[in-house]
Amino acid sequence: MNPQAKRPVRYGATPEEAAFYRDLVARHGSPLLVVSREALRRQYQSLQHQLPGVSLYYAIKAFPHPAVVETLAELGCHFDVASEGELELLRALRISGRKTIHTHPVKKVDQIKAALRGGSTTFVVDNLDELKKLTPWRHRVGVLLRVAFRSPSAAVDLSRKFGCLPEQAKALALEGQAAGFQVRGLSFHVGSQSTDPATHVAAIEACGRLIGEINREARHPLATLDIGGGFPVDYAQAGFDFDAYFAPIREALAALTDDLHLIAEPGRYLVAPAVRAVSTVIGKARRGDRQWYYLDDGIYGSYSGQLFDHAVYPLQVLRDDRPRHPAVLAGPTCDSIDVIAEGLELPELEEGDLVIGHLMGAYTAATSTRFNSLNAAKVVVVE
Amino acid sequence: MKVFEETLYDSVSQCFRIDKLYYESKTEHQHLMIFHNAFLGRVMTLDGIVQTTERDEFIYHEMMAHVPLLAHGGARDVLIIGGGDGAMLREVCRHPAVERIVMVEIDRQVIDLAKEYLPNHSAGAFEDPRLELVISDGMAFVKECEADRFDVIISDSTDPIGPGEVLFSDDFYRECRRILRPDGVMTTQNGVPFFQLDEVRDTRERMGRHFRDQTFYAAAVPTYHGGIMTFGWGSDDPALRQLPVETLAGRLAEAGFTTRYYTPEIHVASFALPRYVLDAIQ
């Protein structure tokens, strides 16, 4: 985390906006995470538009909330699950396991059984030992092989921990099929918040070639390519050009043989813009030449993504008074690491003022802690 | 339109139209549904897998009850493990020579739901005075049971993933052998070998350790999608499964009930297994 990172701040709000936030806090208290179903739908439709022909599997881990899952399911979205708990969330909403793939490359045998009980029958593996764990159910399950492509531009590089080398994929596919497995295809994950499409493009092209090579020898053709997630959101609020980002990915997919099933596992792209954090100034102090404001949410809560996910969320204060002073926003715990942002220029805030965090759906509540026995921000769902 | 889509296999799946939903469980831990389908009648599913339908349950239950009971010929004490819907009990009850039926079901709620929503399955059999209903874990029951207590054991379990798993274990078969009388016989539901060949192989290995004569017999139950299903068979007397049609016909006539699937000819023929199953259990 870098609380000093350059961070976009919006000053002021329209009267409607301010009333909206104040009304939510009056009714539900503070801190809040406000989920907008409408924004979620917009993101899903935008990604469908950017990646036509690709089945979208929402990565539940990003924000495992029933309202998010339900809203996406209504639009026909599928789900990427990685644990029994995520499957239970789907079961509680009566969403069939057939709408899922199980993407964690390393699984306990009990997790495999739980996944099968939940109707999740497609598993991602990246080595022979993991494949062998599935042997008792080899006639039931489908398998995707995860291939690693390193991503220099991603904020979180997911090809360090998981994925076989591209040159190992063929042997793994052929051995898997020889052992009676339905090896369905390849998957990759270039990392999260990947801002340069080149890594995706290179991985798609490499997988296309690999599938071609494997299919010349395989008894059953590989027919699925899972391009993972990692699609970015515009934390910097610098007018990120999404059309320019997705165009080369689209072209790379279009260049593949047209009988491949295409899958993507977006988490952040779908849910980050659908959630705003609402926190309240609970105290202030003058320390040196800087004004410190203490909020009721912080690094151990909804802003945990600054630590675990390396995200720098855009902030908004509802006042736009002058002059502005050097200011620090800190969280409510006793720990000195609990600082959301330094080096800000803020108007004079008062106790009770609201601070809004934008793009706060992905890996925020998901990784928040109960440190200091503080309650997590309440999740409120709005249209 | 609501549709139930089975989740057993990754590559293929059967779908049933849900014409009227009677019951859906509310817990997170399992998903049980009972619904009506215009052709199949009432259908019960658990965690995405078809358990039973009114239209074809007779095939499964007749074959699993009458084959061991008529092969044995003198069964007085019968143990049913599972079978909460009551249809296995119904078929066992049709044998007048049976004096005592112990049914061990782990989940009381399944029985209550079946009585309410699948009344044709038990058809009043839960009121039979010969029944001793035990709500308990089947494995725990057979472990605690005294030796040589039963003539026939029928393991009417769910899929081997989940709570039913222990009923496919080496320990379970050993305990069942122990509580069977020397001339007793045990049958188990063993899945559809076309899709689950490993289950036949596993059962052969585990059950085969404890019975001198272990094999399978088969019947096609249409909603257990994939062709024939196998029933595991364990006894110490190979002659039990080699009885002539006439003997079985005589026993059936003496028992005095009619069937819809079972015939003595089918009984004999059902032990003939396809080559791919024989190869798997060699």
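How many salt bridges are there between chain B and chain A? The count is nine, taking a salt bridge as a side-chain nitrogen of Lys or Arg within 4 Å of a carboxyl oxygen of Asp or Glu. This is a predicted model, where local features need pLDDT of at least 70 and side-chain atom pairs count only at pLDDT 80 or more, while totals for chains, interfaces and linings use all residues. Residues are numbered from 1 along each chain as its sequence is written, chains are lettered from A in the order in which they are written, and side-chain values use heavy atoms, with hydrogens and water left out.

**Interface**
- One of the salt bridges joins A:Arg140 to B:Glu199, with the closest N and O atoms 3.8 Å apart.
- On the chain B side that touches chain A, helix α7 (residues 197–208) gives the largest share, four residues; helices here are DSSP runs of H or I, at least four residues, and strands are runs of E, at least two.
- Contact (heavy atoms within 4.5 Å) takes in 29 residues from chain B and 22 residues from chain A.

**Aromatic pairs**
- Rings of Phe, Tyr and Trp (its six-membered ring) pair if their centres lie within 6.5 Å; planes under 30 degrees apart are stacked, over 60 edge-to-face, the rest tilted.
- That rule gives 25 aromatic pairs over all chains.
- A:Phe246 and A:Tyr269 have ring centres 5.6 Å apart and planes at 90°, so they are edge-to-face.
- Both A:Phe246 and A:Tyr269 are buried (under 20% relative accessible area, 1.4 Å probe, protein chains only; over 50% is exposed, in between partly exposed).
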